[in-house]
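Hi everyone, thanks for coming. Have a look at the model on the screen, and I'll walk you through two spots in it.

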Amino acid sequence: MFDEKVLEKIKAGKEKWDQGPVAKTLAKAPEQKPVFTTISGTPVERIYTPLDIAGLDYERDLGFPGQFPYTRGVQPTMYRGRYWTMRQYAGFGSAKDTNARYRYLLQQGQTGLSVAFQLPTQAGYDSDHPLSMGEVGKVGVAVDSIEDMKVLFDGIPLDKVTTSMTINAPATVLLGMYLALAEEQGVPWDKVGGTVQNDVLKEIICRGQYIYPPKPTMRLTVDLIEFCQKHVPRWNTISISGYHIRESGSTAAQEMAFTIADGIAYTQACVERGMDVDSFAPRLSFFFNAFTNVLEEVAKFRAGRRYWAKVMRDRFKAKDPRSMMLRYHVQTGGVTLTAQQPLNNIVRVALQTYATALGGAQSLHTNSYDEALCLPTQEAVTVALRTQQIVAEESGATDTIDPLAGCYYVEKMTDQIEQDIDDYIKKIDAMGGTLAAIEQGFIQKEIQNSAYRFQKEIESGERIYVGINKYTMEEPPPTNLLKVDMSVGDVEAAKLKKLRAERDQAKWKAALDNLRKVSQTDENVMPAVIEAVKAKATVGEICDVWRDIYGQYRPKEFV
Amino acid sequence: MKRDYAKEILAGSPQAVARLISWLEDEDERAYSIMEELYPHTGRAYVIGITGSPGAGKSTLTDKLIRIMRKGGLTVGVVAVDPSSPFTGGALLGDRIRMSDHSTDPEVYIRSMATRGFLGGMAKATCDVVKVLDAFGKDIIIIETVGVGQDEVDIVGLADTTCVVLVPGLGDVIQSMKAGVMEIADVYVVNKADRDGADQLNMEVNARIEQDIHIKMSGWVPPVNKTIAVDNVGMQDLWESILKHRAFLEESGRLVEKRRKQTYQETLRMIHNELFRLIRDQLSEDGRLDRLVEEILERKRDPYSTMREILSEWLDSTPKYKEAL
Amino acid sequence: MAKKIKIIVAKPGLDGHDRGAKLLARIFAEEGMEVVYTGLRQTPEMIVAAAEQEDADVVGLSSLSGVHNYFFPRVVELLKDKGLNDVLVVGGGIIPVEDYDFLQKSGVKAIFGPGTPTMEIVNFIKSNARAR
Ligand code: B12
Ligand SMILES: Nc1nc2c(ncn2[C@@H]2O[C@H](COP(=O)(O)OP(=O)(O)OP(=O)(O)O)[C@@H](O)[C@H]2O)c(=O)[nH]1
Ligand SMILES: [Mg+2]
């Protein structure tokens, strides 16, 4: 991008500056530490100059928003056209409790919904299962049957709002309920928009809500993708997630690399199913984290967009530009937030929101300042939502697209992260692909090593963490925490009992029998799932059919 | 009141078993008299060794084998060995996780052990622990070794049937075939048969076995079983191979022979260990060993005569040591 | 042979948050302990069976999903039922300070919240684990 002569001059100038003013200042006063690193451990130089990005080719490496390689964004007008979707992840107690929270959030200017299911639902157990004891409604909403789904979206028209559902191994079941509900509301499936997470690989890597062994669970994932591609064209069929990888301890580059590795595995699986890449790839979506180091995060997003575009074009031979676009949701970094001096978290989240805006995300959840204490209270979630609104409306970050392009540091780091991603993808390929790398624990161990390194840095004081290892103070125990009543368990159990007694037994049994039959063939399970949820089969009953056929999975733990 | 551990163990107390095993691991004196009492009750269990490179699927196979054995009404003891860190002395014992499904089955007793510096793929006390579980009444005892390299093959000395687990695509197969690992197999398991290269590996192993038949002349041709342990595929066949090997050993009289050999080795080893321990402890107690080492280092003395000197001292003072026994 | 502290690090319930538990498992091992990490989705029965068979000196419970008041006392109770009275039970995770008292009364010796230096936990265990 720069003239050779100009570079020569800069090089000479930099040498002079290094040996002159810098050396002189250092002699008088050393810098605060011998090496500066990002939170990911990447060394950071004193300054960056055109020398660091001498190889950058604007057309090839950056291009224009909405054009290959999408480094600058996936859409030509970005936030000048429309802000990112403001989508707070929420769910607790019964469907009714959560419905009230949704209505409140929509009233406050939230523009999309995001369902946090209770752990029993995520693990494919009903609320009255022995393993659900004590867990019902605790950290997500209890949804056992289509009846709960109806209450959850009561008064919310499914053609007016898009809904993201964090559901993985049982994704087909919850999507089935959502689609059946849309039908009941009279909304045709091609008007229904939203996302299911459906990313089972990262459950095995780092999130823990797996049910079935890798192969059969991937089959369900692909069934869902295939079904939606034919019948629910506006649905994001998967949300390939780096968020949880980062929360588990990875670096920024690892987050992007391992997510892309998962993305490659899903794409490969769909292609092996016989689907044309351009038929499903435009509906693959992603989910990332945003930590407090704004510049590193922006570089990560840009590098990820560029790398994914190349993967789709070169590895999978996609032709449709939409197949090459890395569209993603962001959640701010929960694990960066502290129980100590919780109000400080508002500042961290604001910076993370700013990074998300500068990085060009399509949607965002901001964490609440009480993140390390409990599920967000209404007051805390309101501040979190307002933080997004302030960044969108007041900061100016949304006025121009990819404003950090051309910043020597950010461009250099974008290159560096892209290189790191590529190194990882090559390594994983050499191991026999993502599934093999997971099975050998490679990805898990890389993440845990980073988590360990971070912890050691904090405990040695090498890295400052405000309120944890510096600027600490005595505080009274926090008050005003959100509490979920233990009684939800009984209420849900009673509801289930009634449902089981009152539903049309013959219809219910026929639907489950049919599901069992279909699941043993290569046929897509989705129609049978939808039929079963309409016949009021519960999440647990449906998941049990597959437990029977596919077995349960207990992955190796790599410590 | 002094507890009678042997009695408790024979009466089925898992806690007494657990404590005795800890004492064995710690080389705690309290263990030995209990072991003496238990010994007459051993010799009934059938011992299966599962060995193979790290991550080959040993724990997953064990988990699935337990399931089959339990269906058949057999009770099971598992000893799962993981390495201790040579630097910190600590250990992460991770095999148990994969057997979680059986953790509340009272007829399955799973014990994790760290090697504590012992080489050979097992812990020093593993053979004692097998006896404890045997006396405890377990029908089958499975030993999962550390993920082994090439010469860590102590398992043969302990197991009636040794299963060697191989996986395709590790690239070290031919390598390990040259070394000892292959010779010890009574049953081969080609696990991860869902992976590319499983058939190739199968062929290589079979070819190798054919070669060996002429050398080994044992009358037993190790079968090769393909499994996909995670998906519970091929497990019944594997179990049948193990049973066949057991039948072979029993019918040919080789089981008795094998155990005679094991007992021979073990008796010698126990004498060796105990002698060693007594002398080591005595020498370390007053710092004499350190002083001797220093002197040897400075070439003020040599290790050969030192050894003779110490042994002769020891023989002279045997009555004193006798006390300790 | 020096006696080693044997510790079970367990995740009761459906909670998948294992970053802290795995970190601690590694650090405990580095501190010379023999660590059995049980993995996720453990029932109190499974945890106690493991403690019994492994002759664990310490049971460490990690919970970040708000189910500590349900699970922790059950583990202590089952240990007591089995007569494993001298096993040290400690816990950590996302646990409101107002629950500490209840948990300690029910037999959990200490609770450690987010941001606790891991050495503080290690030291507590080393000075409170039983001899056997
Ligand atoms: C990281 C994280 C995740 C990651 C977990 C990754 C992983 N593999 O662990 C991901 C993104 C997957 C995740 C998912 C969810 N999360 Co989360 N998560 C967090 C977060 C941000 C940090 C936890 C963490 O790892 N901290 C770092 C480690 C090192 O610290 P730690 O675990 O606290 O451990 C320290 C101490 O607690 C203690 N300790 C911990 N365990 C033990 C054990 C022993 C024996 C001892 C002695 C000490 C001890 O010592 C450690 C060292 O200091 C917290 C909020 C927060 N900031 O704390 C929410 C939080 C725990 N998550 C929450 C929720 C609701 C969820 C979900 C259930 C949401 C949903 N409905 O889907 C999911 C589902 C997870 C699942 N499968 O169960 C809630 C729980 C609310 C509650 N308890 O009331 C929290 C509090 C956030 C919030 N305010 O909403 N989460
Ligand atoms: N693809 C595939 N993976 C398997 C199979 N069997 C086990 N695995 C996976 O291989 C990995 C290692 O399995 P383990 O059973 O823990 O192996 P191990 O030999 O006990 O490992 P160490 O005790 O650590 O040496 C895990 O991720 C298993 O899920 C199989 O048949 N096919
Ligand atoms: Mg193992």
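I'll start with a pair of domains and then move on to a ligand site.

Quick housekeeping: this is a predicted model, where local features need pLDDT of at least 70, side-chain atom pairs count only at pLDDT 80 or more, and totals for chains, interfaces and linings use all residues. Residues are numbered from 1 along each chain as its sequence is written, chains are lettered from A and ligands numbered from 1 in the order written, and side-chain values use heavy atoms, with hydrogens and water left out.

Okay, chain A. It's divided into domain 1 (4–53) and domain 2 (77–439), with bounds from an automatic or database domain assignment. Between them, about 1,000 Å² is buried, and carbon and sulfur atoms give 68% of that. Buried area here is the accessible area (1.4 Å probe) that two parts lose on being put together, summed over both. On the domain 1 side, Ser40(A), Tyr48(A) and Ile53(A) supply 49% of the area that this domain buries against domain 2.

Now, ligand 2. Why do we call this site shared between chains? Because residues from chains A and B surround ligand 2. Of the 20 residues around it (a heavy atom within 4 Å), Lys556(A), Lys58(B), Ser59(B), Thr60(B) and Asp194(B) come nearest. Looking at side chains, a polar atom of Thr60(B) sits 2.4 Å from a ligand 2 oxygen, while for Lys192(B) that distance to a ligand 2 oxygen is 2.9 Å. Asp194(B) has a side-chain N or O atom 2.8 Å from a nitrogen of ligand 2.

Conventions
A polar contact is a pair of N or O atoms within 3.5 Å; within protein, one must be able to donate a hydrogen and the other to accept it, and residues adjacent in sequence count only if both atoms are side-chain atoms.
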